[in-house]
Amino acid sequence: MDDFIQMMLPDSGPKQKISTLIFMDLEATGLPSLIGKQNVHITELSLVAVDRTNFENDNTLRVINKLSLCIRPRSIVSPTAMTITGLYNDILQKQEKFDESVPKLMEYFFRRLKQPMCLLAHNGNRYDFPLLQAELKHINYALDKEILCADTLEVFRSIASRTDTVYVDSPIAANEKNTQEKTNSKKSDNATLNKKRSISDDEADTLLSNDMELFTSLEEPIIDEFTTPKTNKEFENIHKPRKKTKLDTTWTPKNQYKATTEKKYHANVKRQLFENNDHERISNMKPNHINSKPTQFSLEKLYYHYFGESPPKSHYAEADCIALSKICQKVSTDFLKWIDEHSRSFNETSAMW
């Protein structure tokens with residue numbers, strides 16, 4: 001009878017604890033806001049699987065299983081994406097396209113792991129999961145409905161506001177909150193802000209490429225012809241007929257990037273591409289204690305919060321997966337509790353395009 005009642009109740013999440021954590025990261029042709037959703041295609045897919053027991057007890061995370069693939073996209077990789085990921089059009093042209101072999105490899109990989117298993121991606125609800133679902137939809141393929149997923153960005157936001165988040169649906173907590181509002185308006189305002197989990201498209205893009213301003217500095221400066229000239233000579237130059245430039249048949253985005261960086265930019269600038277915009281300020285700060293709450297939630301800033309340094313090889317899919325796993329391990333108890341309660345079927349994800 002109890003089993004029948006349980007079966008009739010609405011599904012509130014997985015009925016067992018997650019046994020395998022699969023940290024996932026995708027690299028793609030660009031950001032939706034810059035190139036349009038229809039032109040965002042996967043260029044690299046990486047899965048790093050960690051057994052729950054190892055995640056709880058092994059600080060080195062030595063026992064992991066990995067699957068990494070590079071994929072030939074159906075659209076051109078944007079210059080910014082090439083700069084960030086190091087994956088150029090000419091390199092990817094030699095790779096295989098996203099076809100049935102990709103999800104089949106994923107399923108063979110999943111069969112080697114303990115169930116239940118959960119895909120984990122940072123900002124996954126807004127980017128990684130919808131993009132993967134779109135690629136699967138394009139080839140009329142669906143993963144097993146037992147595959148779960150959870151967004152680690154939501155996990156850390158929840159942990160940072162743990163008191164308000166845990167009891168967000170509790171009537172008792174609602175009464176307690178009303179009492180707190182009367183006695184402490186400041187705490188009430190903070191709780192209200194923390195409850196807003198959803199993020200805007202702009203914030204999602206910022207989290208995907210936290211160093212966008214540095215990458216755009218590699219481009220040639222664009223002269224706005226509609227700005228007011230400061231001198232008569234400038235005014236005359238604007239109205240001079242432009243010379244037609246001869247098309248360079250040897251041009252490739254990769255060559256352009258190499259020529260630009262080698263001629264104009266010091267090595268320190270190139271090294272800073274994967275560092276925080278406010279690097280000088282951060283380098284003088286001491287890392288926060290692991291028990292303190294993070295206030296910024298990009299992968300890089302979370303890594304610095306817990307380890308006091310930038311993650312190695314940012315925007316390399318496998319490296320980002322491993323960095324994410326180490327960050328999550330720092331709050332393993334709260335992290336595991338959250339994904340046990342809030343993970344959902346991957347098939348519930350809507351496709352990006």
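Are phenylalanine 129 and phenylalanine 346 buried or exposed? Both phenylalanine 129 and phenylalanine 346 are buried, where buried means under 20% relative accessible area, exposed means over 50%, and partly exposed lies in between (1.4 Å probe, protein chains only).

## Before we start

This is a predicted model, in which local features need pLDDT of at least 70 and side-chain atom pairs count only at pLDDT 80 or more, while totals for chains, interfaces and linings use all residues. Residues are numbered from 1 along each chain as its sequence is written, and side-chain values use heavy atoms, with hydrogens and water left out.

## The sheet

Let's begin with the strands. Helices (H or I, at least four residues) and strands (E, at least two) are DSSP runs, numbered from the N terminus. Here, 6 strands make an open sheet with mixed pairing, in the order 3-2-1-4-5-6; two strands pair if DSSP finds at least two bridges between them. Strand 3 (64–70) and strand 6 are the edge strands, and each pairs on one side only. In general, strands of a sheet pair through backbone hydrogen bonds, either parallel or antiparallel.

Now look at strand 4. Strand 1 pairs with strand 4 in the parallel sense over 4 bridges, and isoleucine 22 stands opposite leucine 119 in strand 4. Strand 4 (residues 117–121) is also joined by 4 bridges to strand 5 (residues 148–151), and these two run parallel. In strand 5, leucine 148 is the bridge partner of cysteine 118, and alanine 150 is that of leucine 120.

## A buried strand

Why is strand 4 described as largely enclosed by the rest of the structure? It is because 5 of the 5 residues of strand 4 are buried. In a regular strand the side chains alternate between the two faces of the sheet. In strand 4, Met117, Leu119 and Ala121 point one way, Cys118 and Leu120 point the other way, and all are buried.

## Helices around the sheet

Strand 4, helix 7 and strand 5 make a right-handed β-α-β unit; a crossover is right-handed if, with the strands pointing away from the viewer, the path from the first strand over the helix to the second runs clockwise. Helix 20 lies across strand 1, strand 4, strand 5 and strand 6, at about 85 degrees to strand 1. Contact means heavy atoms within 4.5 Å, and axes are lines fitted to C-alpha atoms, for helices over the stretch in contact, with angles from 0 to 180 degrees between N-to-C directions.

Helix 19 lies across strand 1, strand 2 (42–51), strand 3 and strand 4, running at about 140 degrees to strand 1.

## Aromatic pairs

The structure holds 7 aromatic pairs. Rings of Phe, Tyr and Trp (its six-membered ring) pair if their centres lie within 6.5 Å; planes under 30 degrees apart count as stacked, over 60 as edge-to-face and the rest as tilted. The rings of phenylalanine 23 and phenylalanine 335 have centres 6.5 Å apart and planes at 20 degrees, so this pair is stacked. The pair links distant parts of the chain, 312 residues apart: phenylalanine 23 is in strand 1 (residues 20–28) and phenylalanine 335 in helix 20 (residues 332–342). Phenylalanine 23 is buried, with a relative accessible area of 0%. Ring pairs also link Phe23, Phe55 and Phe335 into a cluster.
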